[in-house]
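Let's take a friendly walk through a protein model. We will visit a pocket and then the nonpolar cores.

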Amino acid sequence: MPNPNRGACGFQSSEFEQEYERPSKSELKRQMSELQKLGEELVAEARDRVKRVPMPEDVRDAILACQLITNHEGRRRQMQFVGKKMRTLDEEEVAVIQRTIDSWKGMSKADTAALHALERRRDKLLADDKALTVLLEENPELDVQHLRTLIRNARKEQAENKPPKAYREIYQILKDIDKKRKAAAKPASQDEDEDGEPIDDESDDE
């Protein structure tokens with residue numbers, strides 16, 4: 001008996017349904033845009049954080065390589081490559097990365113305020129030479145020549161709209177200073193992980 005669902009061209013109605021259920025061009029474009037933005041967020045994060053995110057090695061390598069590129073055009077091309085690599089991830093891999101980034105954003109208000117304070121101090125270093133004098137008085141162990149070079153380079157980056165390499169390095173120095181200050185203010189028995197979160201050492205109970 002002939003199949004009533006089969007036409008002269010030999011296609012079944014279910015085959016038409018499968019074709020219809022494929023994502024539209026606009027939906028695919030939206031997904032590509034979201035993955036590109038996700039890649040950009042990872043590129044903007046600290047390298048130590050990126051290295052700990054569960055993801056395929058080739059994707060991580062593309063992101064870490066992009067962070068090191070200072071040439072504007074070279075960085076733009078590498079960012080496109082990062083987006084291409086992000087599109088090779090399956091839904092579960094993307095979900096894991098998104099959850100990780102969301103957990104970073106879930107900092108306490110106190111943590112957020114502390115980060116903003118560091119950002120303001122960095123901006124003040126670029127705007128006022130006296131701010132460096134104050135910083136050195138508080139932290140005489142710092143390399144004054146290195147800091148002056150970073151500040152000069154950061155000002156140049158802003159003036160010429162270049163990638164903020166020195167700008168980020170200044171922030172990292174300020175963050176390290178703040179971390180050491182907090183560690184010195186806490187009991188010696190309380191340890192922290194790389195992000196400054198307390199960790200429990202169960203081995204002491206054995």
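## The second largest pocket

The second largest pocket holds about 350 Å³ of space. Here a pocket is an open set of points on a 1 Å grid over the protein atoms alone, where a 1.4 Å probe fits, with protein on both sides within 12 Å along at least five of seven lines; lining residues have an atom within 4 Å of a point. The volume is the space filled by probe spheres set on the points.

Of its 15 lining residues, Gln31, Met32, Glu34, Leu35 and Val94 are the closest to the centre. Both α2 and α6 give two or more residues to this lining, and α2 gives the most, with 8. By class, the lining has 6 nonpolar, 2 polar and 7 charged residues.

## How to read the model

This is a predicted model, in which local features need pLDDT of at least 70 and side-chain atom pairs count only at pLDDT 80 or more, while totals for chains, interfaces and linings use all residues. Residues are numbered from 1 along each chain as its sequence is written, and side-chain values use heavy atoms, leaving out hydrogens and water.

## The nonpolar cores

A nonpolar core joins buried Ala, Val, Leu, Ile, Met, Phe, Trp, Tyr and Cys residues through side-chain atoms within 4.5 Å; buried means under 20% relative accessible area (1.4 Å probe, protein chains only). The largest such core has 19 residues, and Leu42 and Met55 are among those with the most contacts inside it. The helices α2, α4, α5 and α6 each supply at least two of its residues, and α4 gives the most, with 5. Apart from this core lies another, of 18 residues, including Leu126 and Leu147.

Terms used
Buried < 20%, exposed > 50% of the residue type's maximum accessible area, 1.4 Å probe, protein only. Helix = DSSP H or I, 4+ residues; strand = E, 2+ residues; numbered from the N terminus. Nonpolar A, V, L, I, M, F, W, Y, C, P; charged D, E, K, R; others polar.
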